[in-house]
Amino acid sequence: MNYRYMRVLVLFDLPTFTKSDRREATRFRNFLLNDGYDMLQYSVYARLCPNRDNAEVHLTRCRKAAPDTGSVRFLMVTENQYANMKVLVGEKTAQEQVSQCQQLSFF
């Protein structure tokens, strides 16, 4: 099944007990930022992908970049499901408001 516009969510909980652990967690976080992900919360990052095939490519890239320890999860949702997300406490960040998908129509 091929969807148009998918949101990819990466959720992680990485150990930070040692200097080596902190270095690996920072390296992974920087990988996500450099790969086009936006931070929703400290350990939750989201990225817009044009289709499911592209989201699978990012899954492979995240799998290769993920540290060997800790917990890293990858979730794909449609743009419509992502847009229906409710904020229970707090407000949407400025980055979230800017990154809303704008679909162009050509006549």
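User: What makes up the largest nonpolar core, and which residues have the most contacts inside it?

Analyst: The largest nonpolar core has 15 residues, and those with the most contacts inside it are Val10, Phe12, Phe28, Leu32 and Tyr37. A nonpolar core here is a set of buried Ala, Val, Leu, Ile, Met, Phe, Trp, Tyr and Cys residues joined through side-chain atoms within 4.5 Å. Keep in mind that this is a predicted model: local features need pLDDT of at least 70, side-chain atom pairs count only at pLDDT 80 or more, and totals for chains, interfaces and linings use all residues. Residues are numbered from 1 along each chain as its sequence is written, and side-chain values use heavy atoms, with hydrogens and water left out.

User: Which elements give two or more residues to this core?

Analyst: Those are strand E1 (4–13), helix H1 (19–34), strand E3 (44–51) and helix H2 (52–65). H1 gives the largest share, 4 residues. Helices (H or I, at least four residues) and strands (E, at least two) are DSSP runs, numbered from the N terminus.

User: Why is phenylalanine 12 called buried?

Analyst: Buried means under 20% relative accessible area, exposed over 50%, partly exposed in between (1.4 Å probe, protein chains only). Phenylalanine 12 has a relative accessible area of 9%, so it counts as buried. Tyrosine 45, at 0% relative accessibility, is buried too.

User: Why is the pair of phenylalanine 12 and phenylalanine 28 called edge-to-face?

Analyst: Rings of Phe, Tyr and Trp (its six-membered ring) pair if their centres lie within 6.5 Å; planes under 30 degrees apart count as stacked, over 60 as edge-to-face and the rest as tilted. For phenylalanine 12 and phenylalanine 28 the centres are 5.4 Å apart and the planes at 85°, so the pair is edge-to-face. Phenylalanine 12 sits in strand E1 and phenylalanine 28 in helix H1, 16 residues apart.

User: What makes the pair of phenylalanine 12 and tyrosine 45 stacked?

Analyst: Its values are 5.7 Å centre to centre and 15° between the planes, and that makes it stacked. Phenylalanine 12 lies in strand E1 and tyrosine 45 in strand E3, so the pair ties together parts 33 residues apart in sequence. Phe12, Phe28, Phe31 and Tyr45 form one aromatic cluster.

User: How do you know whether aspartate 35 is buried or exposed?

Analyst: Its relative accessibility is 8%, so aspartate 35 counts as buried. You'll find aspartate 35 in the loop between H1 and strand E2 (38–41). Leaving aside neighbours within four places in sequence, aspartate 35 is in contact (heavy atoms within 4.5 Å) with Arg47, His58 and Arg61.
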